[in-house]
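Dear colleague,

I am passing on the structure that I mentioned, with my notes below it.

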Protein chains: 2
Amino acid sequence: MELTVLSDLSQQELEEQLQQLEKKYDQFKEKGLALDMSRGKPCPEQLDLTKKMLDLVTSDDVYKTNSGVDIRNYGVLDGLAEAKELFAPILGVKPAEVIVGGNSSLTMMHDTIARAMLFGVVNSPKPWSQYEKIKFICPSPGYDRHFAICELFGIEMITVDIFEDGPDMDTIENLVKEDPTIKGIWCVPKYSNPIGNTYSAEVVRRLAEMETSAKDFRIFWDNAYAIHHLTEQHDELVNIYDACENAGNENRVFIFASTSKVTFPGAGVAAMAASPENATRTKNQLGIQTIGSDKINQLRHVRFFEEEGSLQEHMKKHAEIIRPKFDKTIELFEKFLGGKEIAKWLQPSGGYFISLDTLDGCAKEVVLLAKEAGVTLTGAGATYPYGQDPYDRNIRIAPTFPSLDELELAIEIFCVCVEIVSIRKSLAA
Amino acid sequence: MELTVLSDLSQQELEEQLQQLEKKYDQFKEKGLALDMSRGKPCPEQLDLTKKMLDLVTSDDVYKTNSGVDIRNYGVLDGLAEAKELFAPILGVKPAEVIVGGNSSLTMMHDTIARAMLFGVVNSPKPWSQYEKIKFICPSPGYDRHFAICELFGIEMITVDIFEDGPDMDTIENLVKEDPTIKGIWCVPKYSNPIGNTYSAEVVRRLAEMETSAKDFRIFWDNAYAIHHLTEQHDELVNIYDACENAGNENRVFIFASTSKVTFPGAGVAAMAASPENATRTKNQLGIQTIGSDKINQLRHVRFFEEEGSLQEHMKKHAEIIRPKFDKTIELFEKFLGGKEIAKWLQPSGGYFISLDTLDGCAKEVVLLAKEAGVTLTGAGATYPYGQDPYDRNIRIAPTFPSLDELELAIEIFCVCVEIVSIRKSLAA
């Protein structure tokens, strides 16, 4: 019976099943658990992979780079040359096009939009804050912190579906061609948050080439998971910078990345890349905001990856730790939810999340029920603009932080919740 | 003849003196020197004082604070509890009122104004950017990077004189009482940049109590040199937060500080303090910009000062290194310029600068002449809004970075330049 399509069951069968599930749920609830799968946080074992980095700049150092910069003192606005070289291949640009920041690419994204609001970007007719209203395209489900930035700045968000090959380009092309107040789009193009998919070559090309009514339209290309493969089968992402340049739209894109999920989430290094014109404008403004980011931490990172051999080898070690958690999650989904036609998910080959769609109208209730049994999930709706999932079905699972045992328990409880809510829904219909 | 008041000399005597000085200048010029006294940078010996800090979080750590926070992972928006405790006495507030940031208090100041431009502050009728024009009071000579922030945001700067006991309060009180578009004032209240003076108790009280036409008027209290004493004779600064609170104006002040000139200029920790209402608003916006600053570096700082005994003891070591440079500068000023009535200066008891006033209309030429002889000074005018010193007389000397030998040479050349320009001016009159 477990593997039967839910809709094939009679009312009585559903009620019996529900009773069993509710009993199981109550047993879980009695345990008083506190399991958290809400945020894409590396687990302690992952953080340990990088701890030798903390031994690479100590009191017996000379504190000088090859070019003679004292890494302890003021200066070097856009980052050490060596740090630019580290980030260039991640961002897909030349080292000269990299601006190295502090510990947060979120801050670099926020600040880039704050500057656009206050001053506009290259080719802006006026500062974005001087429009009655401006809008951003938000392929969804997407990253809640992107949406929070739009909300903070009063930027209206237009929700656009995201498919397996990337956002719905037909809709986007029509929107941006007609509406000059659409100033940007958020993209997590590789192993996307939360779906885990990667934009196709066609989607990247269309984003780079599409006609935009706003002459100052910008793609915010948050390549957060550029090198975060889970398997040997790497998704390939076309280089957006080259695509924009080839289309004569080199000022269209800002590219962001960080080592938050490569080294330390709280003490990594972030970087961005942009066309020479964009970068010059950014640096002119950045030079008023700071004298320079933490160069000691930049050098720690540079030295660590010199010793490690390569970023790629290092990322394999991360994958070894977290892949079993992704595999276990998918395995349990198959076991408890498979064949019942009450949930859909994709198996990502990289990134930090698994996205599960329940039946329409069930997500909020599932998250609530799980919470009451001690399993904290990302809030239902969080993956959509304004926290409003129009279908109330998307739930983001973050399997990396809990231990495998905790995860197994949490996913089982979660699946019980999905089944309970689905049956209740079915019975109420 | 050397110690004669310049204006007492005959034209012939002046010409003879000028010839001798120009000969001396040419000899210096031939050396092809490259000496830099332009920025307030700690010297390498000062940076070495803190290097043991880099050994305090290494690969054998447990990476946990007392409250169980993993310092490597995401989170803790406003800083570790331990870091707040470190900053509380520097900022003159309770730990709960501290927001710990990244490596730059300049960034915290810039961002505070950027937020005010975009959203206003507590009690703002509207965002500051929505006014036709807003203005800031800029006591001058002052800190060029403050003025650059105003320029970036298009905030009109009103230059107000600064006296030995602080800014000209009569003028300020009149201005802010009448003009609702004056939204703020920049203050470096202790060992000020560049004069080195400290605001009197009376000045602090008047700033806290004065009637302002703008209900959202803010004091930007950049207490950059709070603990940067040069001698045992410490200047006393009244607590601005208490003064504002007592006056019923607790939302009036934002207080800033950093360890840039305590530990490492490029890799220190910055912090700010504000009233509960101001702080809540700031943190709500900050939480969209970042998940948290670098907690590993915060813990390095906390542990270092636990081992050192106290901040105060550590700052004495800094003073031992740089006080001889201040003393030498003053000694040479006395020797070469004393009694000639062509320059004025104060001997500061803390901070990073010595401010010298030439005869009116001489500063630009002195800086240019020095530059041509290989001595780089802060640009003349930099200490005034828009880079415009209305008297063309203020020159900021930053004696900390060069070695004592280099400094001696640089100051001697500088004094020759001051004399040459003064005599030329006198002859041309």
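Before the first finding, a cut-off is needed: a residue counts as buried if 20 or more other C-beta atoms lie within 10 Å of its own, as exposed if 12 or fewer do, and as partly exposed in between. Please also bear in mind throughout that this is a predicted model.

With that cut-off, strand E3 of chain A (residues 135-140) has six of its six residues buried, and it is therefore largely enclosed by the rest of the structure.

Towards the E2 end the antiparallel part of the pairing can be followed in detail: E2(A) runs antiparallel to E9(A), to which it is joined by three bridges, with Val98(A) having Ala273(A) of E9(A) as its bridge partner. Strand E8 of chain A (residues 253-258) is in turn joined by four bridges to strand E9 of chain A (residues 270-273), again in the antiparallel sense, and Ala257(A) stands opposite Ala271(A) in E9(A). Both faces of E9(A) are covered, as Ala270(A) and Met272(A) on one side and Ala271(A) and Ala273(A) on the other are all buried.

As regards the nonpolar core, the largest one has 259 residues, and among these Ile255(A) and Ile255(B) touch the most other members. Leaving aside residues up to four places away in sequence, Ile255(B) touches Leu91(B), Gly92(B), Val93(B), Trp221(B), Asn223(B), Ile240(B), Tyr241(B), Met272(B) and Ala273(B).

Is Asn174(A) buried or exposed? Asn174(A), which is found in helix H6 of chain A (residues 169-178), is exposed, because it has 12 other C-beta atoms within 10 Å. In chain B, Leu175(B) lies in helix H6 (residues 169-178) and is partly exposed, with 19 other C-beta atoms within 10 Å. Leu175(B) touches Ile137(B), Ile158(B) and Ile182(B), again not counting residues up to four places away in sequence. The C-alpha atoms of Leu175(B) and Thr212(B) are separated by 8.6 Å, although the two residues are 37 apart along the chain.

Turning to the domains, the assignment for chain A gives domain 1 (6-46 + 313-428) and domain 2 (64-308), whose centres, taken over C-alpha atoms, are separated by 31 Å. The contact takes 25 residues from domain 1 of chain A and 29 residues from domain 2 of chain A. On the domain 1 side, helix H11 (311-337), strand E11 (354-358) and strand E13 (394-397) of chain A are the elements that give two or more residues, and the largest share, six residues, comes from H11(A). By class, that side of domain 1 has 14 nonpolar, seven polar and four charged residues.

Finally, between the chains, 45 residues of chain A are in contact with 45 residues of chain B. On the chain A side, at least two residues each are supplied by helices H2 (44-48), H4 (105-119), H5 (144-152), H9 (276-289) and H10 (295-308), with H4(A) giving the largest share, six residues. The residues on this side of chain A divide into 20 nonpolar, 16 polar and nine charged.

With best wishes

Methods:
Residues are numbered from 1 along each chain as its sequence is written. Chains are lettered from A and ligands numbered from 1 in the order in which they are written. This is a predicted model: local features need pLDDT of at least 70, side-chain atom pairs count only at pLDDT 80 or more; totals for chains, interfaces and linings use all residues. Domain bounds come from an automatic or database domain assignment. Two residues are in contact if their C-beta atoms, placed from the backbone, lie within 7 Å. Ala, Val, Leu, Ile, Met, Phe, Trp, Tyr, Cys and Pro count as nonpolar, Asp, Glu, Lys and Arg as charged, and the others, Gly among them, as polar. A nonpolar core is a set of buried Ala, Val, Leu, Ile, Met, Phe, Trp, Tyr and Cys residues joined through C-beta atoms within 7 Å. Two strands pair if DSSP finds at least two bridges between them.
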